[in-house]
Amino acid sequence: MTSGIADIGLIGLAVMGQNLALNIADHGHTIAVYNRTAEKTRGFIADCEKNEPSAARVIGTESLPEFVAAIKRPRKIVLLVKAGTATDQTIATLLPHLDPGDIVIDGGNAHWLDTIRREQELTAQGFSFIGSGVSGGETGARFGPSLMPGGSPEAWAELEPIWRDIAAKVDEQTGAPLEGAEPGKPLSGGVSCTAHIGANGAGHYVKMVHNGIEYIDMQLICEAYWLIKHLLGWEADAIGQVFADWNRGELSSYLIEITADILQQRDPSGDGFLVDKVLDTAGQKGTGQWTSTSALEQGVPANAMAEAVFSRALSALKDERVQAGDALHGPKLPIVNDAPALIASIRNALYCSKICAYAQGFQLMAEAQKTYGWRLDFGTIAQIWRGGCIIRANFLQKITDAYIRDPGLKNLMLDPYFRDALHSGQENWREVVALAVKSGLPVPAFGSALAYFDGYRSSRLPANLLQAQRDYFGAHTYERTDQPRGKFFHLDWPGDPRVQVEV
Ligand code: 2AM
């Protein structure tokens, strides 16, 4: 087959695909684009010609042979089609047009097991496959996403120059995201928010955990907002001011920043603030659920992450909750007089809970690398989340620092920086959770994060009783504290200890 002039190709011209294509073109790379429905390609090319400084580097194609012929070999072809069967269908129609050595890059939100399967299938046929997490939504895709590629090192070496160019950038010294890119004027300099994550599905797994962390980060912020609203009775804009203040300190992050904006937004179609009119039912697309399912399957205690998913599920039961609100009664709300003290306590509760939530996310990745045979670099993962993506935050630099201090760190909470933060914040954290419980205000994420902290630091837990129960009804055996690990015993309960047997 002929070799074309495009440096890379892209299939799937929905919003993410269009933005990523423009980002690639803005960085001086020629890109061929294709979409199943050709009208979309024509519309995109027409828009480009009208509005985009880099239009000359975007080649619209209307058939797969034309598309493939336009790309230099070995071809790099990015798929940004709907995750799931659409990806498999697209790959199936594309493969007959490719040559050995060509590289297919899936930039969708694929399930990592699908990515592992696809990588195996394509490799067996002489192609390469990279599953790359792309985080940052439309704006990220356009001006710098966080990119989490998984696949063979050889395939990554081919893709790396373009991926480094288009990724978000952070300041080399401070790790702060660089901003100010415009159409046709990409950023120059800075450290790119991309790195080879690992083999096959590693990139999509890490992207999924990013989303799971995003769920819990958002839920924690919502609980902080709810406590201030109900315990102090403040209007949304005043609470927005609290978040704006928090955004100047340790909590500084994209999600805190947008929360301050959202809370201060007036209703464009009526009185008051828009947030008070937004229906309290949260949607979800599934990556939070995948994260929690993966934690359950691997036995990783990521309880706060799961609570964030369950909280959305509970929120969706709006009609039931409205009925239950009449039927089931809680305590009266207390009057809190010392607003500054309460706000400072909630801030500490939020920060401590956030540390636990991230600790859970990193524990999950640590287990997954054993399960799937990856070697993940946690400091680098935190680093590439510093720019472009939804959970970008100063905090992530602290995580990178922690893994630089100790690459074998067992749990983030054990790092001196995070340990000190937990020690100094925990009194407030406990007060806030206790006050919420007494007031009947739900704080599932604050509470489960605290339970994780207390459980993790307990050298003994009541699982002694639990294991005895298991032995009682199911002869599941137990180990003894006064015998070496690995020796198992069974008792014919209820009975005399003398009939205990080693099994
Ligand atoms: P379309 O414009 O032809 O619908 C997001 O839905 C993107 O995925 C769109 O570009 C869409 O193409 C593409 N897509 C969805 N299902 C597809 C399929 N089965 N085959 C190819 N592309 C698909």
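Residues are numbered from 1 along each chain as its sequence is written, and side-chain values use heavy atoms, with hydrogens and water left out. As the model is a prediction, local features need pLDDT of at least 70 and side-chain atom pairs count only at pLDDT 80 or more, while totals for chains, interfaces and linings use all residues.

I start with the ligand. Near it, meaning with a heavy atom within 4 Å, are Gly-12, Leu-13, Ala-14, Asn-35, Arg-36, Thr-37, Lys-40, Val-81, Lys-82, Ala-86, Gln-89 and Thr-90. Helix H4, residues 85–94, gives the largest share of this shell, three residues. Helices here are DSSP runs of H or I with at least four residues, strands are E runs of at least two, and both are numbered from the N terminus. Sorted by class, the shell has four nonpolar, five polar and three charged residues. Nonpolar covers Ala, Val, Leu, Ile, Met, Phe, Trp, Tyr, Cys and Pro; charged covers Asp, Glu, Lys and Arg; the others, Gly among them, are polar.

Which atoms of Arg-36 and Thr-37 lie by an oxygen atom of the ligand? For Arg-36 it is a polar side-chain atom, at 2.9 Å. For Thr-37 it is also a polar side-chain atom, at 2.4 Å. With Lys-82, a polar backbone atom is 3.3 Å from a ligand oxygen. Taken alone, the ligand exposes 480 Å², and the protein buries 80% of that; the area is from the Shrake-Rupley method with a 1.4 Å probe.

Next, the cavities. A cavity is a set of points, on a 1 Å grid over the protein atoms alone, where a 1.4 Å probe fits but cannot get out; lining residues have an atom within 4 Å of a point. Volume is the space filled by probe spheres set on the points, which are joined across faces, edges and corners. The whole structure holds two cavities of 30 Å³ or more.

Of its 15 lining residues, Asn-23, His-27, Phe-143, Ala-181 and Pro-186 lie nearest the centre. Helix H1 (15–26), helix H6 (137–143) and helix H7 (153–166) are the elements that give two or more residues to this lining. Its classes are six nonpolar, three polar and six charged.

The second largest cavity has about 40 Å³ of space. Among its lining residues are Asp-217, Leu-251 and Lys-354. Helix H8 (202–232) gives the most to that lining, with three residues. Here the classes are five nonpolar, one polar and two charged.

Last, the backbone. Most residues other than glycine have a negative phi, and most peptide bonds are trans. The bond from Arg-73 to Pro-74 is cis, with omega near -10 degrees; Pro-74 sits in the loop between helix H3 (64–69) and strand E4 (76–79). The bond from Trp-493 to Pro-494 is cis as well, with omega near -20 degrees.

Asn-200 has a positive phi, near 25 degrees, and Thr-477 has one of about 70 degrees. Are these two residues buried or exposed? Asn-200 counts as buried at 17% relative accessibility, and Thr-477 is buried at 16%. Buried means under 20% relative accessible area, exposed over 50%, and partly exposed in between, with a 1.4 Å probe and protein chains only.

Definitions and conventions. A polar contact is a pair of N or O atoms within 3.5 Å; within protein, one must be able to donate a hydrogen and the other to accept it, and residues adjacent in sequence count only if both atoms are side-chain atoms. On a 1 Å grid over the protein atoms alone, a cavity is a set of points where a 1.4 Å probe fits but cannot get out, and a pocket is an open set with protein on both sides within 12 Å along at least five of seven lines; lining residues have an atom within 4 Å of a point.
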